[in-house]
Amino acid sequence: MRSWNRAAAFVLAAALPLGCAGRADLATTLEDEAADASVPPIDAGPPPAAARADKLDFLLVVDNSRNLDAAHGLLVETLPYLLDRLTRPACVNGFGTVVSETASLEEPCPVGVRDFAPVRDIHIGVITTSIGGHGADVCSPVSPTFDPTTNDRARLLTRAASGGAVPTWGNKGFLAWDPGQAESPPGDADLGALGAKLAEIVGGAGTKGCGFEAQLESIYRFLVDPEPYLDITVEGNKAVPSGVDDVLLQQRADFLRPDSLVAVLLLTDEDDCSTRDGGQFYAVNQATDTNGKAFRMPRGRSACAATPNDPCCVSCGQPTPPGCLDVELDPACNTPVEPSEDPLNLRCFDQKRRFGIDFLYPTSRYVDGFARDVIPTRAGELVQNPLFASGRPSELVFFAGILGVPWQDIAVEPKSLATGLRPATELDWSLLLGDPETGEPPADPLMQPSIDPRDGIHPLTGIPLAEPSATSALANPINGHERTIPGRDDLQYACIYPLRVPKECTGQPDCECAGVDAPTNPICQAPDGSYGSTQRFARAVPATRPLAVMKELGTQAVVASICADKVSSPVQPTFGYRPAVDVLLRSIRRRLEPGG
């Protein structure tokens with residue numbers, strides 16, 4: 001009997017093209033066009049002046065899925081440091097190293113000069129990673145457990161942690177720093193009041209958002225998508241986006257200034273799950289079939305297990321490609337799919353090998369969005385990128401991420417954060433991503449996404465990964481130790497970090513130390529090595545897709561770790577996400593107006 005039941009077959013058999021290549025890579029298209037263009041003369045004159053801005057449009061993207069409360073808290077406690085550094089820049093030497101600080105802007109630097117001119121015009125907006133189920137029943141109003149926060153539509157967030165809505169500048173959905181009261185209406189002139197509003201909005205994101213986190217697509221939809229859809233419905237077993245979200249477009253138009261520096265800061269503990277919109281790609285987010293039973297994804301053909309890029313690697317729910325083993329004879333397609341093979345929580349993991357189809361948008365879509373002047377519409381027509389419509393150069397657009405990556409892999413000194421984080425152009429990407437072209441895994445075994453326990457030695461610290469049976473807490477100081485996952489419904493951790501206040505999980509089914517895997521879960525391990533229902537650490541899994549985008553963006557990218565070094569006191573130099581703020585400011589400082 002085939003493992004793909006009738007419900008599975010109806011979802012995939014006729015809808016997806018073999019291999020599901022999707023649209024052609026826009027980068028390749030543009031390179032071909034460039035090759036046909038005339039060659040500019042060698043004497044092109046002096047290089048253009050460095051692009052600079054005295055305005056900042058800052059977009060904060062918050063993962064609002066479960067168990068992010070600790071990270072949200074650290075972010076909120078870090079934001080005053082970010083706002084202070086932007087509006088009261090530190091004093092630096094000729095190498096950009098902070099050498100002193102002053103109590104006020106009126107006080108001259110005792111040593112060095114201001115890092116950059118104080119930024120006196122800032123727009124600050126917040127969106128979440130929850131944009132619905134792309135047509136599936138999960139994160140959809142048809143779900144019996146639907147929560148409105150599972151689809152924030154990539155619109156600017158205004159709900160407050162304490163209830164109600166946070167007042168925003170001109171009721172436009174974002175906050176405005178305006179110490180000179182030059183705007184109409186005037187923005188915030190009190191930094192404390194601005195920070196308090198921002199903290200309320202971050203807290204209002206909550207932790208009940210969609211578990212299919214669309215980190216990259218939510219950013220793309222708000223900043224870039226020329227026609228973000230208003231609705232998506234399933235018609236004839238195909239998801240059909242319709243309409244245009246004019247509310248979002250108006251928010252984008254109000255938020256982005258033509259002459260601003262744009263900085264995006266993403267906070268997430270999961271990898272990206274940006275499912276393609278339209279057709280039957282939504283199937284990967286589907287929880288139930290037409291009979292109300294648990295929907296199981298069809299397996300990938302046998303060829304997928306060894307070589308996911310093999311032309312014969314397609315879904316068992318698709319027609320057989322020419323020259324490939326017929327579906328009726330393929331053993332992978334004639335073995336029932338067990339629940340442990342297809343947990344809903346891991347539908348975005350290793351898709352091509354497991355399912356024979358890539359259901360997610362290619363990461364090139366987001367590289368193009370951050371760097372290309374033209375992008376495709378829903379119909380595939382190339383149009384001007386809204387992010388660059390005003391003539392803004394790509395040098396004034398930055399993508400920063402506080403992600404699932406050990407800080408040891410990105411720090412200047414892998415045994416201490418005191419000397420800060422490296423800029424993206426100085427990272428050893430083989431540690432974080434390996435070589436996707438050849439299939440070489442990341443050199444850091446902690447960055448290898450896996451359900452099963454991994455082994456190896458961390459290449460920078462020389463400390464081996466610890467087995468699930470490790471009897472001491474933090475046997476490996478980065479991720480505690482590997483774990484046994486009975487339901488095979490989660491991934492091994494890239495890193496963990498302590499909770500300031502341990503969380504009791506008894507009676508809280510969504511709490512990570514209430515589950516059956518707690519006996520080997522390092523975030524549930526006490527200092528004496530015992531396990532219980534008290535969660536003592538937060539965790540993160542490898543953020544492979546956001547990192548792949550950042551690698552391609554080079555100087556436009558900033559990488560930081562969600563696994564904080566210190567969590568007890570905001571004044572500690574490596575507290576929370578202060579290292580992320582520092583490396584972000586070092587990256588954008590030369591694009592802001594110079595200080596003096």
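Select aspartate 350 first: at 31% relative accessibility it counts as partly exposed, a class between buried (under 20% relative accessible area) and exposed (over 50%), with a 1.4 Å probe and protein chains only. Aspartate 350 is in the loop between helix H7 (302–306) and helix H8 (351–355), and its phi is near 55 degrees, a positive value in a residue other than glycine. Helices (H or I, at least four residues) and strands (E, at least two) are DSSP runs, numbered from the N terminus.

This is a predicted model, in which local features need pLDDT of at least 70 and side-chain atom pairs pLDDT 80 or more, while totals for chains, interfaces and linings use all residues. Residues are numbered from 1 along each chain as its sequence is written, and side-chain values use heavy atoms, without hydrogens and water.

Next, select histidine 134, in the loop between strand E5 (122–128) and E6. Histidine 134 also has a positive phi, about 60 degrees, but is buried, with a relative accessible area of 1%.

Then go to serine 184 and proline 185, joined by a cis peptide bond with omega about 0 degrees. Proline 185 lies in the loop between strand E6 (175–177) and helix H4 (191–204).

Now show phenylalanine 174 and phenylalanine 255. Their ring centres are 5.5 Å apart and their planes at 75 degrees, so the pair is edge-to-face; rings of Phe, Tyr and Trp (its six-membered ring) pair if their centres lie within 6.5 Å, with planes under 30 degrees apart stacked, over 60 edge-to-face and the rest tilted. Phenylalanine 174 is buried at 0% relative accessibility.
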